[in-house]
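Please read the following note with the model open beside you, and check each point against what you see. The points go from the overall fold to single residues.

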Amino acid sequence: VLTDTEPSPRKEFAYYARGRLEAIRQGPWKLVFDNPQREPPIQEGLFHLKRDPEERHDQQHAQPDVVKRLRRIAQTHRASLGDALRGVEGTECRPLGQA
């Protein structure tokens with residue numbers, strides 16, 4: 001997976017920090033969510049990581065279908081893992097230190 005010789009076992013990847021869903025990635029697309037708690041605050045943006053690895057060119061307006069798809073995927077992750085930023089408690093969350 002790290003050397004590109006094997007396909008990734010994941011079709012999507014959820015970026016969490018401190019219990020907050022900060023971004024979702026599928027293929028080359030990454031949707032970053034608004035986060036006013038970060039310093040500096042982060043604004044929502046859609047990036048094509050192969051063409052724009054530095055995430056400088058927001059593609060939200062040019063790719064509305066990709067944004068919709070990634071938002072649906074994000075909702076699935078929020079439902080199961082939660083999202084502290086939006087006050088969502090996930091169905092698969094457990095107290096720290098417990099199995």
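**Notes on the fold and its details**

1. The chain contains an open sheet of 4 strands in the order E1-E2-E3-E4, and the pairing is antiparallel; two strands are said to pair if DSSP finds at least two bridges between them. Strand E1 (12-17) and strand E4 (45-48) stand at the edges with a single partner strand each, so one side of each has no neighbour in the sheet. Neighbouring strands are turned by 20° against each other on average, direction ignored; the axes behind such angles are lines fitted to C-alpha atoms, for helices over the stretch in contact, and angles run from 0 to 180 degrees between N-to-C directions.

2. Before going further, please keep in mind that this is a predicted model, in which local features need pLDDT of at least 70 and side-chain atom pairs count only at pLDDT 80 or more, while totals for chains, interfaces and linings use all residues. Residues are numbered from 1 along each chain as its sequence is written, and side-chain values use heavy atoms, with hydrogens and water left out.

3. The secondary structure comes to 1 helix and 4 strands, and along the sequence the pattern is β-β-β-β-α. Helices (H or I, at least four residues) and strands (E, at least two) are DSSP runs, numbered from the N terminus. The helix H1 lies across E1, E2, E3 and E4 and runs at about 130° to E2.

4. Which residues make up the largest nonpolar core? This core has 12 residues, namely Ala14, Leu21, Ile24, Trp29, Leu31, Phe33, Leu46, Val66, Val67, Leu70, Ile73 and Ala74. The elements that give two or more residues to this core are strand E2 (20-26), strand E3 (29-32) and helix H1 (64-81), and H1 gives the most, with 5 residues. A nonpolar core is a set of buried Ala, Val, Leu, Ile, Met, Phe, Trp, Tyr and Cys residues joined through side-chain atoms within 4.5 Å. Buried means under 20% relative accessible area, exposed means over 50%, and partly exposed lies in between (1.4 Å probe, protein chains only). Of the 99 residues in the chain, buried residues make up 32%.

5. Not counting residues up to four places away in sequence, Leu70 touches Ile24, Gln26, Trp29, Lys30, Leu31 and Leu46, where contact means heavy atoms within 4.5 Å.

6. E1 and E2 pair in the antiparallel sense over 6 bridges. In E2, Gln26 is the bridge partner of Glu12, and Ala23 is the bridge partner of Tyr15. The hairpin of these two strands has 2 residues between them, and there Arg18 takes a positive phi near 55°, although Arg18 is not a glycine. With a relative accessible area of 73%, Arg18 is exposed.

7. Glu12, in strand E1, is partly exposed because its relative accessible area is 29%. Leaving aside neighbours within four places in sequence, Glu12 is in contact with Arg25, Gln26, Ile73 and His77. The C-alpha atoms of Glu12 and Gly27 are separated by 7.0 Å, with the two residues 15 residues apart along the chain.

8. How many aromatic pairs does a search of the whole structure find? The search finds 1 aromatic pair, formed by Phe13 and Tyr15, which are edge-to-face at 4.8 Å centre to centre with 80° between the planes. Rings of Phe, Tyr and Trp (its six-membered ring) pair if their centres lie within 6.5 Å, and planes under 30 degrees apart count as stacked, over 60 as edge-to-face and the rest as tilted. Phe13 is partly exposed at 36% relative accessible area, and Tyr15 is partly exposed at 26%.

9. Lys30 lies over the face of Tyr15, at 4.4 Å from the ring centre, and the charged end of Arg78 sits over the ring of Phe33, 4.8 Å from its centre. A charge sits over a ring if NZ of Lys or CZ of Arg is within 6 Å of the ring centre and within 35 degrees of the ring normal.

10. Two loops deserve a careful look. In the loop between E3 and E4 lies Pro40, which a cis peptide bond joins to Glu39, with omega about 0°. Glu55 is found in the loop between E4 and H1, and its phi is near 55°, a positive value in a residue other than glycine.
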